[in-house]
Amino acid sequence: PGIPRHTNRLINEKSPYLLQHAHNPVDWYPWGQEAFDKAKRENKVIFLSVGYSTCHWCHVMEEESFKSKEIGEIMNKHFVCIKVDREERPDVDKVYMTFVQATSGGGGWPMSVWLTPDLKPFAGGTYFPPEDRFHRVGFRTVLLRIAEQWEENKDALLESSHRILEALRQTSEIHVQGQQSPPPSKEVMDTCFQQLSRSYDEEYGGFSQAPKFPTPVNLNFLFTYWALHRTTPEGARALQMALHTLKMMAHGGIHDHIGQGFHRYSTDQHWHVPHFEKMLYDQGQLAAVYSRAFQISGDEFFADVARDILLYVSRDLSDQAGGFYSAEDADSYPTTTSKEKREGAFCVWEAKELQALLPDPVEGATEGTTLGDVFMHHYGVKENGNVDPMQDPHEELKGKNVLIAQCSPELTAARFGLEPGQLDALLQECRHRLCTARAQRPRPHLDSKMLAAWNGLMISGFAQAGAALAEQGYVHRAAQAAAFLRTHLFDPDSGRLLRSCYRGKDNSVEQSAVPIQGFLEDYVFVIQALFDLYEASLEQDWLEWALHLQHMQDKLFWDPKGFAYFSSEAGDPSLLLRLKGDQDGAEPTANSVTVTNLLRAACYSGHMDWVEKAGQILAAFSERLQKIPIALPEMARATGIFHHTLKQVVICGDPQGEDTKEMLHCVRSVFSPNKVLMLADGDSAGFLYRQLPFLASLERKDGKATAYLCSNFTCSLPVTSAQELRGMLSP
């Protein structure tokens with residue numbers, strides 16, 4: 001590409017997204033005081049553009065508008081232009097997305113917002129084409145109109161921005177009403193189940209027509225609903241809905257059959273044509289969900305999908321220091337000589353390409369059958385491509401195939417006269433060849449930013465899979481990542497988490513000049529990860545750190561007046577609103593997950609004020625939970641845990657003893673959403689014994705590993721049989 005013609009202040013940033021825009025002709029500033037002071041000094045409108053590095057439409061708007069010299073001149077003349085990476089600053093993103101959604105009825109990225117010099121929004125939207133198009137106003141027109149309005153009607157815009165902010169402040173407030181108590185668990189869970197059941201796609205699974213997101217929060221809710229209603233028709237349906245959805249997703253094009261892992265969402269009803277970026281938060285949650293599906297069903301299919309996800313993350317999203325990268329892009333260059341990136345180029349195939357790579361005749365099959373014939377039949381490949389033009393408005397996938405397992409192995413085997421076992425080996429050989437061929441293509445951009453929250457979700461994925469699948473290697477990888485967080489994203493002097501760090505030169509780990517402090521979601525997802533890691537490894541250091549972080553979370557984010565936690569801490573004058581997330585989406589909202597965290601923390605520490613806090617969060621969200629729990633399925637799930645009380649499963653035994661290992665394997669192999677596991681190993685000076693004095697009264701029976709089921713620190717009779725323990729773990 002040669003020497004860039006322009007360089008702006010973003011060249012000094014660490015975020016891959018901001019660095020992507022460092023050579024735009026736009027005089028971009030990062031979010032900060034320098035930009036705010038300039039806007040006030042020159043009395044200019046701020047143009048705020050928010051996105052992330054693997055966002056397809058962010059790339060489109062950059063190519064069309066932010067790389068345009070003419071549009072850049074308009075932006076520099078009339079505005080102070082600020083770029084924000086939403087993954088680095090979810091607090092800034094949330095404030096202005098709340099405004100865009102309230103005023104336009106929609107939202108998404110890139111987000112484009114115009115602010116007064118004191119940061120109040122008065123106009124906004126998402127993607128704009130560069131010029132006016134049929135039914136759509138162009139970016140250049142919007143810029144010139146707003147500049148003109150600011151010159152001629154400044155006072156009206158200021159008044160409007162003030163009114164909008166006050167309205168947002170009132171409508172976004174979540175607080176407890178009077179002496180409200182937590183909503184009734186049965187009503188909340190039944191309503192959530194009914195709402196999910198009504199939106200369920202009976203044929204293809206999932207909970208909408210299109211686009212279709214994996215939404216692990218829905219599946220986790222259904223598993224818990226089944227566990228608490230397993231003898232009822234509703235419980236059976238909840239389980240069927242979850243398992244069918246997971247199977248259809250794994251067969252679909254949203255699942256990368258060659259390179260493993262899952263893409264972000266499907267553009268169609270059939271899970272076929274995805275939006276091709278891969279996000280760490282999806283991999284972490286889906287690894288955990290597929291592991292639970294295996295626990296419940298015993299079907300190795302689900303265990304294999306969990307292993308497939310963890311292979312992808314270990315290979316492609318792992319830093320050598322132990323952390324996990326954020327995402328891979330949807331767009332890439334089709335060939336090494338291509339001038340333009342295309343969506344999905346790294347993942348799609350032409351029929352002739354597959355025939356050339358898989359020409360071998362298949363022994364024992366119908367005469368003339370090649371590997372290519374078998375593979376193309378099984379994965380729905382067509383000569384002219386298998387992508388519906390309706391799913392490909394820009395014709396980037398014309399003539400291409402997105403692999404989707406359209407036949408069962410039995411049907412494909414029967415079609416070509418093969419044994420099912422023989423077919424598995426053939427398909428594996430084909431996938432291996434295609435993987436080797438794909439490795440020659442230019443890879444998509446990797447966002448090598450490492451976020452505390454998303455690393456937390458991925459640690460949970462490895463730890464839960466390690467426990468459920470009895471794979472110690474996964475537990476070790478989770479511990480390696482937790483150690484990375486403690487080294488690079490935790491400040492031992494202040495006891496606080498940091499939000500992000502970055503892969504630097506020579507694969508070093510770098511930090512921003514002014515590190516970004518952790519947000520609520522960082523604490524919540526890391527605490528959850530540390531509890532999951534303790535239960536998988538039984539190393540008490542992780543438990544001790546989790547409880548320290550829970551105390552710090554309380555101090556920084558708790559709302560003592562209205563209850564629940566704010567998403568960001570107090571004291572940042574550039575944040576106009578302190579919000580509380582009220583929707584479980586691609587990721588669960590932090591208040592939803594923290595309810596279960598608090599209940600687990602109380603079980604491990606004896607601090608019953610954490611149980612009280614959990615109830616206060618449910619009370620603050622009570623109205624929403626009773627009316628539209630489908631918006632908060634993870635919190636609806638937590639109401640069930642809250643009302644059923646967590647069981648403390650205490651194993652007394654030598655950690656290295658075979659009888660102890662058998663007991664632990666029994667606990668980990670059963671899906672029981674309302675339990676916590678702890679090992680009483682007899683070390684009375686250990687952390688757990690100091691927290692929970694009642695453990696000292698529990699002992700092994702007849703010298704054997706012994707299990708106790710405790711509730712509110714009152715324990716059942718001792719059990720020495722793993723089979724008996726398994727029966728007791730069912731809710």
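Predicted model: local features only at pLDDT ≥ 70, side-chain atom pairs only at ≥ 80, totals over all residues.
**View 1. Helices α17 and α19, side by side.**
This view picks out helix α17, residues 452-468, and helix α19, residues 520-537. Their axes sit 8 Å apart and meet at an angle of about 20°. Angles under 35 degrees count as roughly parallel, and α17 and α19 are therefore described as roughly parallel to each other. The crossing of α17 past α19 is left-handed. On the α17 side, the residues in the contact are A452, A453, W454, G456, L457, I459, S460, A463, Q464 and A467. Facing them from α19 are E521, D522, F525, V526, Q528, A529, D532, L533 and A536. Sorted by class, this contact of α17 with α19 has 12 nonpolar, four polar and three charged residues.

From α21, the contact takes in N591, T594, V595, L598, L599, A601, A602 and S605. From α22 come W610, V611, K613, A614, I617 and L618.

**View 2. An aromatic cluster around F139.**
Which residues make up this aromatic cluster? They are W28, F47, F66, W114, F128 and F139. Across the model, the count of aromatic pairs comes to 33. One of them joins F47 and F139, with ring centres 5.5 Å apart and planes at 55°, so this pair is tilted. F47 belongs to strand β2 (residues 45-51) and F139 to helix α6 (residues 139-152), so to speak a link between distant parts of the chain, 92 residues apart. Both F47 and F139 are buried. F139 also pairs with W114, and that pair is tilted too, at 6.3 Å centre to centre and 40° between the planes. This second pair likewise links distant parts of the chain, as W114 lies in strand β4 (residues 111-115), 25 residues from F139 in helix α6. Buried means under 20% relative accessible area. W114 comes in at 1%, so it is buried, and F139 has 0% relative accessibility, so it counts as buried as well.

Zoom in on the loop between β12 (446-447) and β13 (449-451), and you find S448. Is S448 buried or exposed? Its relative accessibility is 11%, so S448 counts as buried. Setting aside neighbours within four places in sequence, what does S448 touch? S448 is in contact with P16, Y325, C501, Y502 and R503.

P393 has a relative accessibility of 65%, so P393 counts as exposed. For a sense of distance, take A483, which is 90 residues from P393 along the chain. The C-alpha atoms of P393 and A483 are separated by 45 Å.

Definitions and conventions
Residues numbered from 1 in each chain as written. Heavy atoms only, no water. Axes fitted to C-alpha atoms, helices over the stretch in contact; angles between N-to-C directions. Helix = DSSP H or I, 4+ residues; strand = E, 2+ residues; numbered from the N terminus. Parallel < 35°, antiparallel > 145°, perpendicular 65-115°, else oblique. Left-handed = near helix turned anticlockwise from the far one by under 90°. Contact = heavy atoms within 4.5 Å. Nonpolar A, V, L, I, M, F, W, Y, C, P; charged D, E, K, R; others polar. Phe/Tyr/Trp six-rings, centres within 6.5 Å; stacked < 30°, edge-to-face > 60°. Buried < 20%, exposed > 50% of the residue type's maximum accessible area, 1.4 Å probe, protein only.
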